[in-house]
Amino acid sequence: MSDEITIKGLKVMAQVGVPEEERALAQRLVLNVVLIPAGGFAGMGDDVGRTIDYDLASRRLRSWCDAGEWALIETLAEELATKLLDEFFLLERVEVEVRKFVIPDSDHVAVRVVRLRDSGAR
């Protein structure tokens, strides 16, 4: 099992939905994100510069959700995963789950993407 940092239940607002009317106003989504640093936690020596800044990651996720508009939560999840890998160079793998609350008589609908850093990247 890999060492991981989990951001669970991050509430964000985003304009998302297939019908235009649904996208007209931002709606509440919940994100669950797993950040897996290259090399794990071994050898960090209690140095914050050698790990993923999860506070900064959560602020970036909120900002990215605020700034766009998507028809599909699948596209949103993919973009968030890609942006995390692009910004946080210590990340080896990221998992992003986006939960949306639109289906009557259900808790939520969710999509989940898992992305790995391309071994040739940076």
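How many helices and how many strands are there in the protein chain? There are three helices and five strands. Please keep in mind throughout that this is a predicted model.

Let me begin with the chain as a whole. Along the sequence, the elements follow the pattern β-α-β-α-β-α-β-β. The C-alpha trace spans about 50 × 30 × 20 Å along its principal axes. The chain has 122 residues, and 39% of them count as buried. Among contacts with a separation of 6 or more, 61% are made by residues 24 or more positions apart. The accessible surface comes to about 7300 Å², and carbon and sulfur atoms account for 50% of this surface. As for charge, the chain carries 16 positive and 22 negative side chains. The centres of these two sets lie 2 Å apart.

I turn now to helix 2, which runs over residues 54-67. Does its length agree or disagree with what its residue count leads us to expect? At 1.5 Å a residue, its 14 residues should span 20 Å. The C-alpha atoms at its ends are 20 Å apart, so the two values agree. At the N-terminal end, helix 2 is capped by Asp 53. A side-chain oxygen of Asp 53 lies 3.2 Å from the backbone nitrogen of Asp 55.

Which residues of helix 2 are buried? They are Leu 56, Ala 57, Ser 58, Leu 61, Trp 64 and Cys 65. The cover over these buried residues includes strand 1, at 5-16, and strand 2, at 27-37. It also includes strand 3, at 69-70, and helix 3, at 73-87.

Asn 32 is in strand 2. Asn 32 counts as buried because its relative accessible area is 14%, and buried means under 20%. What does the side chain of Asn 32 meet? It makes a polar contact of 2.6 Å with the side chain of Glu 97. If we set aside residues up to four places away in sequence, Asn 32 touches Ile 7, Lys 8, Gly 9, Glu 95, Val 96, Glu 97 and Arg 99.

The second residue is Gln 27, also placed in strand 2. Gln 27 is buried, with a relative accessible area of 14%. Beyond its neighbours within four places in sequence, Gln 27 has contacts that include Val 12, Met 13, Ala 14, Val 16 and Lys 100.

Glu 74 is partly exposed, with a relative accessible area of 42%. Glu 74 and Phe 101 are 27 residues apart along the chain, and their C-alpha atoms are separated by 14 Å.

Finally, I would like to consider two loop residues. Most residues other than glycine have a negative phi. Asp 46, however, has a positive phi, near 60 degrees. Asp 46 lies in the loop between strand 2 and helix 2. Is Asp 46 buried or exposed? Asp 46 is exposed, with a relative accessible area of 82%.

Asp 105 has a positive phi as well, near 60 degrees. Its place is in the loop between strand 4, at 91-100, and strand 5, at 109-116. Asp 105 is exposed, with a relative accessible area of 88%. Thank you for your attention.

Definitions and conventions: Residues numbered from 1 in each chain as written. Predicted model: local features only at pLDDT ≥ 70, side-chain atom pairs only at ≥ 80, totals over all residues. Heavy atoms only, no water. Helix = DSSP H or I, 4+ residues; strand = E, 2+ residues; numbered from the N terminus. Expected span 1.5 Å × (residues − 1). Buried < 20%, exposed > 50% of the residue type's maximum accessible area, 1.4 Å probe, protein only. Contact = heavy atoms within 4.5 Å. Polar contact = N/O pair within 3.5 Å; in protein donor to acceptor, adjacent residues only side chain to side chain. Areas by Shrake-Rupley, 256 points an atom, 1.4 Å probe, with all protein chains shown as cover. Lys, Arg positive; Asp, Glu negative; His and termini not counted. Charge placed at Lys NZ, Arg CZ, Asp CG, Glu CD.
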